[in-house]
Amino acid sequence: VLDLLLEPALKARLAQRGVATPRGTVVRSVDEVGRVADQFGLPLVVKALGPVGDRGRIGLVRVAHTRSMLTAAAEACLNGPLGRVNQVRALLLEELIPPGQDHYVGVAIDHVRGRGVLLTGVGGSGIEERGIDERTEFELDGPRPIHPNPDLRLVTDAIVSEFLELRARLVEVNPVRMIDGRAVVLDAKAVLDPTTPLPVDGERYQAIARQSSAEHRLFERNASIPGGSSLRYAELGGDVGLITWGGGASAIVMDRLRDRGLRPANFADLGGGAGFIARLRLVAEAVVTLPLRGLFIGSTILGAVSALELARVIHEVVARDLGTTARLPIVARLGGPDETQAKELIESLPNAMHVGRETPLESAIDRLASAVDRA
Amino acid sequence: MSILLDRETRVCVLGATGSQARADLRVNRAYGTRIVCGVAPGRRGSEVEDVPVFDTCAEAMAAAPFDAIVAYLPTAAYRHAMTEAIASRPGWIHAITEGVATHDNIVIRELARRSGVRVLGPNSNGMISPGLAKIGLLGHEPGVFVPGSVGILSRSGGMTNDLAYAAAQAGAGVSTAIAIGGDAVVGSTPAELLALFALDPGTDAVLMYGEAGPDLETAVAAALRAGAFTKPLVALVAGDFLLDHAAGSSFGHAGAFIGQSETLASTKRAVLAAAGAVVVRTTGEIPAALSQLLGLPGRPY
């Protein structure tokens, strides 16, 4: 999940720190744009709000000089194919700022060195290709970095403050435009750490939005399970169902499916600790409702959990929801305590195979791939 | 032989009265770990499995001196509690806690380094020196971790089990296995821990599991090239599937995501291989690689 604090919310926070931003407002339907034109006049900049970078280059930022252009731009960004693909839910309409010198200022985390880092350079579209000019490291609990350009120090201090207060992964303004010696932030974005709560009300935007009502239901039910926050689940559109747990095991399984040309129907990492069995049941019930050509259940060698206990849950859900005559190929790798009994139970399901600790995870996926091919 | 943890290491359990900590304390003590005290605010005078509990790490250090801390902390309390734990000056602190904010993680790592205290984790399931001692959840299943001569460093706690099983299949067993943590920032990097294995006469080779994400492998490669680590290193790096998803997305471990080229699993494999590591593509290849490098007969996996 990529968590973002989108432009309007971050701009509002920056404005409270004295940073200049264009006048503007957020709308959620095309019907509202006429009112905004009445309020601010024309031209207006139409900016699609979604989890996508370099919006100008892909047509999600447009300048409207007339009301008909404004309506057409809003319609395209909000309701057109481009808007749907990029999960656009709203538009920011802003006054047009005259040309000037554009700068990029960002504050991010250097995960390897464990430092904050101030990034500065030429602003505007294409920053990924152009790269940054200067990189200044700083300790998160130490003195703040200072922008070499005095005109950009207020903006820089404001985004460093937001970076620390939000405990964000990244806060950036691009561009910040110099107009008559005044720095105006035209675009701003924060990438949040999923583990940190927002200190104030703000629109938190998850880049991987819940895609289906089944996902919504799963997370609603999960909310009442102890330790529920450790569940990671997403539907991915493929046809091999995964009931997996552990970040490492999940990565190995996903890689091997990719190597074998199979597409996962979902990602699942059940997390550990309290509520594990309840989450196993929840995810199993969700996965078996997906249109599948194969199903994999398992992880690395189990520690304290009984393989038989897990097998009982799987057996119950599969037998009940898929029926005892289903031909869906199933491979379970439940290696650990009681794995012999787990094998007996799993293999009582039709077309199901159990492997133990002696079979590497990748080989278990290979067996599923062969079974899917045969089926 | 082992690194960091053996029968003599005196361990304090921070957050000792929580359910997971209690359960692990019982199992680990029975295994042989020398757990001398616990800490839980407001619980001074109580006991967990006959282990005395104190309000603070400072009180515990004064009454029941310890060498190391294993920390089970609520995420909201992590920064404050770890600051207090570091101030008690143990040799190292292994944080089990999952879901720590990256900013808190960085601040604590920096404070620990300035204080001369090693932090391992967070988001880890522990450490084990088979036959000697263990902390956290690692090694609860008997027979997976066999005493031997292969050090293990793993981004994934669960994968530590499979690596240990593979080492046993090679006929080698494990000296010390450490789940270094799955977060974007880890208290101790593989390169830092590799330096300890380099000095351990009981470790003949190291087995490493890495993932796409922040570049921890370049420093390992540099250690190999500089001759700072001359024992065989076998590495498995996963996370190619992230190429099929938006940059920056994370699915399992919070520290597994791709951005610049150095974060790709394929880049990491290439960097390690160029520096002389034996890079395997599957866990099934590990026993043969290890047994060949160590001149052991091994067994088919």
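Analyst: **The sheets of chain B and its contact side**

In chain B, 7 strands make an open sheet with mixed pairing, in the order β3-β4-β2-β1-β5-β6-β7. β3 (47-48) and β7 (118-120) of chain B are the edge strands; each has a single partner strand, so one side of each has no neighbour in the sheet. Strands (E, at least two residues) and helices (H or I, at least four) are DSSP runs, numbered from the N terminus. Two strands pair if DSSP finds at least two bridges between them.

This is a predicted model, in which local features need pLDDT of at least 70 and side-chain atom pairs count only at pLDDT 80 or more, while totals for chains, interfaces and linings use all residues. Residues are numbered from 1 along each chain as its sequence is written, chains are lettered from A and ligands numbered from 1 in the order in which they are written, and side-chain values use heavy atoms, leaving out hydrogens and water.

Strand β6 (residues 92-95) of chain B pairs with β7(B) in the parallel sense, over 3 bridges. There, Ile93(B) stands opposite Val119(B).

Next comes strand β8 (residues 126-129) of chain B. In a regular strand, side chains alternate between the two faces of the sheet. Gly126(B) and Ile128(B) lie on one side of β8(B), Met127(B) and Ser129(B) on the other, and all are buried. Buried means under 20% relative accessible area; exposed means over 50%, and partly exposed lies in between (1.4 Å probe, protein chains only).

β8(B) has antiparallel partners. 4 bridges join β8(B) to strand β9 (residues 133-136) of chain B. One bridge links Ser129(B) to Ala133(B). The hairpin of these two strands has 3 residues between them, and Gly131(B) takes a positive phi near 85° there. β8(B) also pairs with strand β11 (residues 174-179) of chain B, over 2 bridges. In that pairing Ile128(B) faces Ala177(B).

Now take a loop. Thr263(B) sits between β13 and α8 (265-274) of chain B. Is Thr263(B) buried or exposed? Its relative accessible area is 9%, so Thr263(B) is buried. Beyond its neighbours within four places in sequence, Thr263(B) is in contact (heavy atoms within 4.5 Å) with Ala212(B), Gly213(B), Phe257(B), Ile258(B) and Lys268(B).

Finally, turn to the side that meets chain A. The contact involves 51 residues of chain B and 48 residues of chain A. About 4100 Å² is buried between the two chains, and carbon and sulfur atoms give 56% of this area. Buried area is the accessible area (1.4 Å probe) that two parts lose on being put together, summed over both.

The rule finds 7 salt bridges across the interface. A salt bridge puts a side-chain nitrogen of Lys or Arg within 4 Å of a carboxyl oxygen of Asp or Glu. One of them joins Arg357(A) to Glu141(B), with the closest N and O atoms 2.7 Å apart.

Which elements of chain B supply at least two residues each to this side? They are α4 (102-115), α5 (157-169), β12 (205-211) and β13 (233-238). α4(B) gives the most, with 8 residues. The residues on this side of chain B divide into 21 nonpolar, 18 polar and 12 charged. Here Ala, Val, Leu, Ile, Met, Phe, Trp, Tyr, Cys and Pro count as nonpolar, Asp, Glu, Lys and Arg as charged, and the others, Gly among them, as polar.
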